[in-house]
Structure formats: C-alpha cells, structure tokens
Amino acid sequence: MLLLCSTVETRAATLTDYISKAEPRELIPGATRFGPLEGSPAIAPVYQDDRLLGFAYLTSEFANATGYSGKPIQMLVGIDPAGVIKGLKLVDHKEPIVLVGIPVQRILDAVNKLIGADMASVVRGAVPAPQVDIVSGATVTVLVIGDSIVRSATKLIRSGRLGGPAVAANASPPQVTKTVDMDKSELRDWQGLLADGAMRRLLVTVEEINQAFAKSGNAAAADHPEDGTPDAVFIELYAADVAVPTIGRSLLGDDGYERLRARLKPDQHALLVAGAGRYSFKGSGYVRGGIFDRIELIQDGNSMRFRDRDHTRLGSVAAVGAPELTEIALFTIPADFGFDPVAPWTLQLLVQRVIGVREKAALTFDLGYRLPDALTKQQSTSAQAGTTPTAASTIAAPSPIPAAEAAEQPLWMRIWQGDLVKIGITVAALGTLVVIFFFQNALVRRPRFYVWVRRAYLLFVLVWLGWYANAQLSVVNVLTFANSLISGFSWEYFLSAPLIFLLWASVAAGLLFWGRGPFCGWLCPFGALQELTNNIAQALKVPQLRLPWGLHERLWPVKYIIFLVLFGASLYSTALAEHLAEVEPFKTSIILKFVREWPYVLYAATLLVAGLFVERFFCRYLCPLGAALAIPGRIRMFEWLRRWKECGSPCQRCAKECPVQAIHPEGHINVNECIYCMHCQELYFDDQRCPHMIQVRLKREKRDALSSPAMRGGKRPDTLITAGGRPIPGLNPTSPQPEA
C-alpha cells in the first residue's frame with residue numbers, strides 16, 4: 001500500500017487533479033462554471049454563465065511551492081483577465097502547521113491578504129510585490145504559500161496568456177542587452193567593493209528598529225523595544241553577486257572562486273550574504289530540507305527564499321580590510337528562478353520581534369542591489385539568437401574543465417570536487433579510527449596513553465567535525481533514507497552532502513564489525529560533548545550517580561519507543577517527524593552552537609547538566625539515533641571485546657566501572673548499549689585491577705620465584721618477595737630448609 005501511495009504522490013500534480021475540489025465562486029466571486037482547460041501548464045477559464053470573468057490555475061504548475069514538509073503546497077488561484085487576484089483556495093498540503101496548535105484558517109487569513117493585488121502592475125514594475133502577514137509558528141508555511149502565489153501569477157502574466165497587451169509589450173526583450181563582463185577580473189579590497197556598489201550594505205541601529213516598530217502601528221511590538229544604546233548595531237547586512245569574476249575573486253579568493261564556478265550550473269548565480277550585529281539573518285528556523293525564512297531574493301516581481309541545500313557556510317572573506325563578521329553564507333540561486341545578474345534585485349530582510357509566548361511582530365527592510373556598469377558590457381540580442389540575455393551561461397565557459405564536460409558532470413560530483421580538503425580530513429580521521437580499533441589490544445595495555453588518545457579524538461570530532469564542518473548525523477537521516485526506499489531512492493540526494501555520506505558509509509561498515517559503538521562512542525559530536533564535559537566534572541570531583549540496575553534496565557527502552565514514534569510519524573509526514581526530532585539536541589548544540597531560542601537552549605543545557613552526574617545521560621536513555629543504529633547493529637560479524645569466564649561470576653568489576661552501565665551483572669556486554677569506549681578492555685589486560693589477571697600474575701611470580709637460582713641451589717631464602725612486593729601465598733619462610 002505504501003509503494004502504491006508513493007507512486008501516486010511522486011507524479012506531479014496537475015490542475016485536473018484539484019479543480020473539482022473548488023467551486024467557481026470560491027475563486028472568482030459571481031462565477032458559475034469552469035470552462036475546458038487551456039494550454040500547458042493548464043489554466044481553466046471561469047465564467048458567469050457565458051461571460052468570461054477570469055482564469056483558475058494551480059500554483060505548483062507555475063512556481064516552486066515546496067513547503068516545510070518537503071512536499072508541494074497546492075493552491076488554486078483565481079485571477080481576472082487584467083491580472084488581479086480574485087480568490088484563493090488551499091486544496092492540499094502536508095505541512096505540520098497544526099503541530100503547534102495553529103489552525104489552518106489562521107494561515108488562510110494571512111494569505112488572503114493577497115486577494116485584490118494587481119499583479120500586472122507588479123510585472124510592469126509600477127508597484128512592489130505584495131507581502132503576506134507573518135504567522136508565528138508557521139512562518140515558513142505562510143511565506144512559501146505567498147511566494148508561490150506571487151511568482152506563479154507573474155509568470156502567467158509574462159507568458160502573455162492574460163494581463164493585456166501593455167504587459168506583453170513590457171515583457172518583450174530589448175534589442176541591446178547588458179551582460180556580465182567575464183573578462184574583467186581584478187582584485188579589490190573591501191572598501192573598494194563598497195565604493196562602486198559591487199558590495200551593498202544595509203545598516204539598522206537599535207534606535208532605527210525601535211522607531212520602525214513604533215511607526216508600524218503594532219502597540220504590542222512598540223512596548224517591547226530592543227535594549228541597548230540607540231546607535232548600537234542591530235544588524236549590518238552585506239550582499240554581493242560572487243559569480244561575477246571581480247567580486248568573486250575579491251571576496252572568495254582565487255581558489256574559492258574556482259570552486260564556486262565548478263559547482264554552478266550554466267544558469268546559476270550565487271550570492272554572498274554576510275552579517276554582523278545582534279540580529280541573525282539566518283535565524284534558527286531552518287533544518288535539513290528547510291528554508292531560511294528571514295531573507296528573500298526579489299527580482300522583477302519574482303521572489304524566492306533559500307533552502308539549506310542552496311547554502312554553504314563560510315568562515316571568512318578574502319577581501320583586505322573586511323570587518324569582523326559573525327555570519328557569512330554563500331547561497332546558490334536555483335536555475336529555475338531565472339535570475340538576471342545585470343537587472344536590479346533586492347534582498348529583503350524579515351525582522352521579527354517576540355511580543356508573546358506564541359506571538360511575533362514582523363517588519364521588512366530592503367537591501368537593493370544593481371551590478372555596477374563597470375562590470376558589465378553591452379551586447380546585441382541578435383548575436384545571441386535563440387538564447388536568454390543573461391550572463392549566467394557565460395560563467396561556466398572559462399571553467400578549468402571543458403564546458404561540455406562541466407555540463408555533463410552531476411551536481412554532487414562538483415560538490416565533492418569543491419570540498420576536497422574537508423573530505424580528505426574526514427577520510428584521514430576515519431582511517432585513524434580504524435587503526436585504533438584494529439590495534440585496540442596494544443593501545444589498551446597502555447591505559448594512560450589510550451585515555452589521552454581517546455580524549456584527543458573526541459575533541460577533534462566535537463570541534464572540527466561538529467562545530468566547524470556541521471557533520472552531525474541525526475535520526476532524520478535515517479527517516480529520510482527509509483522514506484526514500486518507499487518513494488523513490490536517489491543516490492544524488494545522499495551524495496550531495498559529502499561528509500554526511502562518508503559518515504553514514506563508515507557507520508554502515510562499522511555496524512558489520514563492531515555494532516553501533518563506533519558512531520555513538522567515537523563519531524557523534526554531541527556524544528563527544530557529553531563525555532568531555534563529564535570528564536571535566538569528574539576532575540572537579542562532581543559526584544557521579546549510578547542508577548540501580550533495575551531502574552537503569554527499564555529506562556533503556558525509552559529511546560527505542562521514541563524512535564518508533566518518529567518512524568511512524570515519518571510515514572505520515574516527514575516534516576512532522578523532523579519537527580518531533582527536536583528531541584535530539586544536536587541542531588541546537590552542534591549545528592547552531594546554542595545560538596537559538598531559549599527553550600531549545602534550555603533543553604540542550606539540561607541534558608548536558610544531567611550528563612555531568614550520569615555519564616552520557618542522553619545517549620543511554622533518550623537518543624533515537626542510537627536506538628536506530630542498535631537494531632541493525634545486532635548483525636555484527638565479530639566479537640572484538642574479550643571476556644574471562646570469571647566475568648560476572650564472581651567478578652563484577654567491569655560491570656561496576658562501565659561508564660554507561662552496558663555490562664549485565666551476569667557478565668555479558670549488551671552491544672545495543674555499548675559505546676565501545678574499551679574501558680572494560682583496559683581492565684581485561686590490567687594485572688593490577690582485574691582479579692583474573694591478578695591471579696595469573698601471582699602464579700607467574702610464584703613460578704619465577706621457585707625457578708630462581710637460589711631455589712635451584714637448594715637454599716631457600718627466609719622470605720620470598722614477589723615482584724609486587726608481597727610474599728608468595730602458600731610458602732612458609734619459617735619451615736625447615738631441605739637438606740642438600
């Protein structure tokens with residue numbers, strides 16, 4: 001049944017599928033019937049008896065309408081022949097908007113603000129594109145619906161199928177066009193880029209943001225002013241088109257610019273967006289597959305918001321004299337947006353202010369951009385007959401690899417080529433871990449050395465792999481993989497994130513050899529954070545709590561229950577499962593480095609504080625990813641952890657010293673819970689702490705003592721001292737000496 005449903009869902013929706021779900025009067029007031037569908041994509045004439053009132057269409061056929069769930073939000077739009085929106089109807093969605101108690105009607109009330117908007121005037125450039133009201137808790141959903149309506153309407157009008165002859169004439173291309181001058185490639189410093197407009201800046205101070213909310217008419221927002229001195233920087237925002245050679249080489253450096261060009265498709269551009277100040281232009285509302293809801297690219301009536309797949313985090317810019325920037329991002333513009341680099345565009349910033357538990361007020365600020373004439377050249381349209389007059393197609397021409405070959409290369413391959421350094425470091429780290437595991441017996445025989453090797457590796461995983469490279473695996477990856485097997489598996493989707501792919505490949509191999517331990521105990525940045533903070537706590541003499549075995553054993557299943565709930569939710573809605581997956585604190589503590597709304601930070605901090613007293617508290621009892629890995633981990637082929645027959649009966653030392661209590665009182669190791677820290681293996685070989693090894697050592701010392709020269713000569717010393725400084729049991733030094 002799931003396979004059958006997925007086959008239906010993967011087929012692109014059409015107007016035919018949804019037109020029956022709406023009454024004509026819902027889309028255009030006074031209408032009585034729909035006419036036969038026309039054209040491709042289809043539009044349906046809407047009549048009042050025999051008089052044409054307008055047309056109806058499905059937004060997803062004209063513009064990207066993918067929402068938070070990763071699936072299209074299907075809206076029917078009624079628009080009159082002059083290009084004025086007359087009605088809207090939500091006919092299908094998979095959005096988790098009811099998860100936080102937001103009624104659908106509230107979403108529709110916000111979107112209905114677009115009814116009456118003259119989209120033909122927007123296309124002509126007479127008025128700006130209309131905006132929807134923000135709904136707290138459903139920002140992404142509302143913005144996606146609004147964007148899809150505006151973009152689809154402008155695209156339909158530009159096609160000449162409605163809107164009147166004036167719009168069609170306005171849409172005709174000029175005979176002489178501007179294009180990016182790809183031959184100009186000079187290096188400029190930061191101030192030079194700002195001076196000629198190659199880099200644009202938006203500065204908003206605390207006083208300006210407070211005045212803006214005061215003038216907005218929202219009394220609640222005005223009553224919650226921003227703290228700080230009036231001239232303090234609220235946000236300082238910069239933007240530039242780094243696909244232009246002069247700008248790209250100046251900001252990214254030669255190597256960074258070449259890597260960018262290798263990644264870009266022929267019709268793609270990329271923007272560098274950087275910010276400083278107390279307000280983040282990224283925000284924290286985006287997840288894997290999610291949307292950056294605080295910035296919007298607007299050009300010629302079209303608008304779009306970037307998704308995380310368009311985003312690359314940068315640590316710095318190469319331009320000399322650049323200020324200290326807290327956020328630097330590289331966003332690739334999807335080719336289907338039709339971005340024209342020489343036409344004016346706007347980066348619109350959405351500023352939100354919390355005014356209640358679930359209430360926010362919002363304002364927008366525009367950062368306008370026009371490429372300087374010095375970086376363009378004029379070109380006759382006739383010279384490019386049959387092509388679109390944009391410079392995007394020229395970007396790939398001077399690529400280090402032939403243009404034809406670059407066009408044939410899959411996107412994931414270009415991404416891998418651009419991340420060779422990170423990939424190399426990750427592969428080296430994984431190889432080091434393999435060496436540690438294969439030579440574990442030699443390492444654990446030197447406990448002090450091994451402890452520092454482990455701590456150094458965990459520190460690397462936390463700082464570089466987690467906080468820097470953001471390569472934190474999540475249960476969402478497991479759910480996405482499971483759903484892809486149902487709805488259509490694609491290697492390119494998983495290969496598009498090289499470090500995540502490498503980690504999953506290593507985890508899959510590790511499951512066959514060692515179970516879940518290699519990831520949970522060594523490669524999880526949040527697990528490393530828990531263990532390292534607990535090590536500090538122990539050094540500071542923080543008391544460590546060991547739960548009674550009965551309670552501990554009954555808390556184990558909690559994480560499996562959480563995983564099953566998430567898996568079941570993912571079959572209904574991947575977005576819902578992603579929302580519920582916030583039970584993992586990984587995004588807050590690793591990806592966003594605790595720069596997030598306070599409830600998320602408080603939750604992550606609470607788990608870390610619990611871990612100071614109960615080592616790896618979250619890993620033991622709550623982690624759904626650990627549960628997901630434990631299930632296939634049962635199929636491992638080898639037993640690498642050694643045990644003595646005395647383990648568990650009578651000896652309980654390993655069980656009592658296991659950091660995560662993964663050893664049962666009867667002595668066997670529960671591989672479902674083992675994190676492969678190898679502490680039990682340190683004890684296994686230690687002849688000063690392991691009772692079995694102590695007996696072996698004593699027998700060896702006794703044997704060595706009895707075979708000593710003094711004993712072979714027939715003389716027995718008054719006292720036989722062992723290597724450990726103790727008399728050998730069973731020998732009485734006061735007994736008579738044997739005769740010669």
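Reply: Buried means under 20% relative accessible area, exposed over 50%, and partly exposed in between (1.4 Å probe, protein chains only). The model here is predicted, so local features need pLDDT of at least 70 and side-chain atom pairs count only at pLDDT 80 or more, while totals for chains, interfaces and linings use all residues. Residues are numbered from 1 along each chain as its sequence is written, and side-chain values use heavy atoms, with hydrogens and water left out.

Me: How many of the 15 residues of α21 are buried?

Reply: Helices (H or I, at least four residues) and strands (E, at least two) are DSSP runs, numbered from the N terminus. In α21, 11 of the 15 residues are buried, so the helix is largely enclosed by the rest of the structure. Among the buried ones are Pro-525, Phe-526, Leu-529, Gln-530 and Asn-534. The elements that cover the buried residues of α21 include α16 (447-468), α20 (517-523), α25 (586-591), α26 (598-613) and α27 (617-621).

Me: What should helix α21 span, at 1.5 Å a residue?

Reply: The expected span is 1.5 Å times one less than the number of residues. Helix α21 runs over residues 525-539 and should span 21 Å; its end C-alpha atoms are 21 Å apart, which agrees. Just after α21 comes Lys-541, with a positive phi of about 65°.

Me: Take one residue. Is Gln-530 buried or exposed?

Reply: Gln-530 lies in helix α21. The residue is buried, with a relative accessible area of 1%. Contact means heavy atoms within 4.5 Å. Once neighbours within four places in sequence are left aside, Gln-530 is in contact with Leu-608, Arg-616, Phe-617, Phe-618 and Cys-619.

Me: At what angle do α21 and α26 pack?

Reply: Axes are lines fitted to C-alpha atoms, for helices over the stretch in contact, with angles from 0 to 180 degrees between N-to-C directions. For α21 and α26 the angle is about 50°, and the axes are 8 Å apart. That makes α21 oblique to α26 (under 35 degrees is roughly parallel, over 145 roughly antiparallel, 65 to 115 roughly perpendicular, the rest oblique). On the α21 side, the contact is made by Phe-526, Leu-529, Gln-530, Thr-533, Asn-534 and Ala-537; on the α26 side, by Leu-608, Gly-611, Leu-612 and Phe-613.

Me: Which residues in α19 meet α28?

Reply: Trp-504, Val-507 and Leu-511 in α19 meet Leu-625, Leu-629, Pro-632 and Gly-633 in α28. Helix α19 covers residues 498-513, and packs against α28 at an angle of about 45° with the axes 9 Å apart. The two helices are therefore oblique to each other.

Me: How many residues has the largest nonpolar core?

Reply: A nonpolar core is a set of buried Ala, Val, Leu, Ile, Met, Phe, Trp, Tyr and Cys residues joined through side-chain atoms within 4.5 Å. The largest has 81 residues, and those with the most contacts inside it are Phe-437, Tyr-457, Phe-519, Trp-522, Phe-526, Leu-625 and Met-678. Helix α16 gives the most to this core, with 7 residues. Another core, of 61 residues, lies apart from it, and Ile-247, Leu-271, Ala-329 and Leu-347 are among its members. As for Phe-437, its contacts, leaving aside neighbours within four places in sequence, are Trp-514, Pro-518, Trp-522, Trp-640, Tyr-676 and Met-678.

Me: In which strand is Val-77 found?

Reply: Val-77 is in strand β4, residues 74-79. With a relative accessible area of 0%, Val-77 is buried. Beyond neighbours within four places in sequence, the contacts of Val-77 include Leu-27, Phe-55, Tyr-57, Ile-85 and Ile-149.

Me: What do most backbone angles look like?

Reply: Most residues other than glycine have a negative phi, and most peptide bonds are trans. Asp-49, not a glycine, has a positive phi of about 60°. It lies in the loop between β2 and β3 (51-58) and is exposed, at 52% relative accessible area. Arg-616, also not a glycine, has a positive phi of about 55°. Arg-616 lies in the loop between α26 and α27, and at 0% relative accessibility counts as buried.

Me: Which residues does a cis peptide bond join?

Reply: One joins Ser-40 and Pro-41, with omega about -5°. Pro-41 is in the loop between β1 (33-34) and β2 (44-48). The bond from Ser-649 to Pro-650 is also cis, with omega near 10°. Pro-650 is in the loop between α28 (624-633) and α29 (653-657).
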